[in-house]
Amino acid sequence: MKRAWWKESVVYQIYPRSFCDSDGDGIGDLNGIRSKIPYLAKLGINVIWLSPIYRSPNDDNGYDISGYYAIMDEFGTMEDFDALLAEAHQAGIRIVMDLVVNHTSDEHPWFVESRSSAENDKRDYYIWRPAKDGGPPTNWGSSFSGSAWEWDEKTGMYYLHFFSKKQPDLNWSNPKVRDEVFDMMTWWCEKGIDGFRMDVISMISKPPEPWEDSPTEGGLYGSPWITCNGPHVHEYLQEMNRRVLSKYDLMTVGETAGVTLEEAKKYANSDGSELDMVFQFEHVGLDGGLSDKWVRRKMDLRELKENLTKWQVGLEGVAWNSLFFCNHDQPRIVSRLGDDSPASAKCIATMLHMMQGTPYVYQGEELGMTNCPFGPIENYRDIESINAYRELTEAGLREKDELLDCIAYKSRDNARTPMQWTGGKNAGFTAGTPWIMVNPNYQTINAKAELQDQDSVFYHYQKLISLRRRSPWSDIIVYGHYRLLAPEDPNVYSYIRESDTGKLLIVCNLSPESVSFRIPEDVQWSEAVPIVGSASLDRILKLQPWQAEVWSLV
Ligand code: TEU
């Protein structure tokens, strides 16, 4: 298997708006991030993925870009970015930018021109269509509720937006759009960045025309996810690779909503013609996926083991996995799969970080930060949650309290509460008024307290990262073969990792109960050396709630 720095890395995702505010405006910023480089170096990560920092009106918190060559006013200046990049590189940490090119903000100059007249030379930078039967061209819905088509009075046509109406979709079939995007990517690469996370990159090639309505699946509109994995998406990415990516030493990861294992083998194939890896979402859809997000189904461990194993085995030697449960769009995994306890946070982390693939740690995950008790809908800030609540209750499709309970469990805002640095005012995030409420548990869950506690979640993540990046078992953890054990066990996730340099056994009791677990007879057990945890070496293990163990078997 080809070796690469990005396969041997651990990535830390920063949502700048909520990470660290240096100037007291209640919003995180680049200088705040720079002040935390020593903290990140101590954790041991070696790549930062920055959620968008470009100029934006923040209809979708930066995922609506109005200027690709400028820094968002609230986050600072281009000089602040240059200083951050230099300091991160000085600390041995690479910086990967968030590339949002499926759509722009409606305040981007391209769209301002495009909507100014049907004859404007940027008209075809976006997707305009006439009304059909007096209404939108299709029944497609936006991921943020409402129709995916917005009527524009000035030129008497609709434009397409699979996200908010302030996020018009770019027309990737227009070679001038591809030229603009590739030029912008080159400009950032020439500044010395180390890669891109590509926002909804599986959506850039729209379905073949003529466009038809899509199934409403019990909702008011057709699913927006029909546009995933479109007919030309791989052509566009191969062109991007030829014209930009192949010219630099980059890490690239595609956010590929709706991707299947077979499609992932194309996006992240090991011949290097497209991307290095993708984010797939099947595992985080097991308790309610893209189309039925607002449910509170429990994540079943056997289903989770089956799905993660499918990806571990399916991509081995063919492509590369990204390993995540948390990001700025997902609720906190310690609340979703764990029971909010530090023990459950550590157990889940061990289960994930010993797998094959590049792990992603989302800000606060290394502290065991939990979902937030927001209460009324007025305390939320996320356009997706707010719009869903309004649309589904006004249409009578969902009862208010029941839907609010689901939003409390799944809202993206659970991941966007301020990073908890201390037990002091606003958790040490800002000296001002935070843009979103601070999780009330900040006095018990915060970086300052955990840095003083060798048994904290922070030091457990530090150990897992160290095992992967610089230990006698690094080669097995990064490149070793994965083999699932005990697929039917409802509480324990156990698997083997092995390469020609050795073999590891991982056993995680992902339940709040004490359980027994029999080490399979074919596992050679007598010389096992514990490297995480310290269970006895009996063949029948007595595991405490959330107990996770890793042994070297040879
Ligand atoms: O997310 C794409 C996406 O599918 C999200 O809607 C996500 O899957 C969903 O919220 C989970 O329930 C990307 C960005 O990560 C997200 O923050 C942006 O809002 C979105 O694209 C539009 O840029």
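## Nonpolar surface patch

Nonpolar patches are made of residues with over 30% relative accessible area and no salt bridge, their side chains being joined within 5 Å. In this predicted model, one such patch on the surface consists of L220, Y221 and L397, which together have about 240 Å² of accessible area.

L397 is located in the loop that runs between α11 (383–394) and α12 (400–410). Its relative accessibility is 38%, so L397 counts as partly exposed.

## Aromatic pairs and a cluster

The structure holds 34 aromatic pairs. One of them joins W49 and Y360 in an edge-to-face arrangement, with 6.3 Å from centre to centre and 80° between the planes. Because W49 belongs to strand β2 (residues 47–50) and Y360 to strand β13 (residues 358–362), this pair ties together parts that are 311 residues apart in sequence. W49 and Y360 are both buried.

Aromatic residues also occur as a group: Y54, Y68, Y69, F81, W110, Y125, W187 and W188 form one aromatic cluster. Tyrosine, phenylalanine and tryptophan are each represented in this cluster.

## Arginines over tryptophan rings

Two arginine–tryptophan contacts complete the description. R17 lies over the face of W435, at a distance of 4.8 Å from the ring centre. R94 is placed over the face of W5, and here the distance from the ring centre is 3.7 Å.

Methods: Residues are numbered from 1 along each chain as its sequence is written. This is a predicted model: local features need pLDDT of at least 70, side-chain atom pairs count only at pLDDT 80 or more; totals for chains, interfaces and linings use all residues. Side-chain values use heavy atoms; hydrogens and water are left out. Rings of Phe, Tyr and Trp (its six-membered ring) pair if their centres lie within 6.5 Å; planes under 30 degrees apart count as stacked, over 60 as edge-to-face and the rest as tilted. Helices (H or I, at least four residues) and strands (E, at least two) are DSSP runs, numbered from the N terminus. Buried means under 20% relative accessible area, exposed over 50%, partly exposed in between (1.4 Å probe, protein chains only). A charge sits over a ring if NZ of Lys or CZ of Arg is within 6 Å of the ring centre and within 35 degrees of the ring normal. Patches are made of residues with over 30% relative accessible area and no salt bridge: like charges are joined within 9 Å, nonpolar side chains (Val, Leu, Ile, Met, Phe, Trp, Tyr) within 5 Å. Accessible areas come from the Shrake-Rupley method with a 1.4 Å probe; for residues, only the protein chains shown count as cover. A salt bridge is a side-chain nitrogen of Lys or Arg within 4 Å of a carboxyl oxygen of Asp or Glu.
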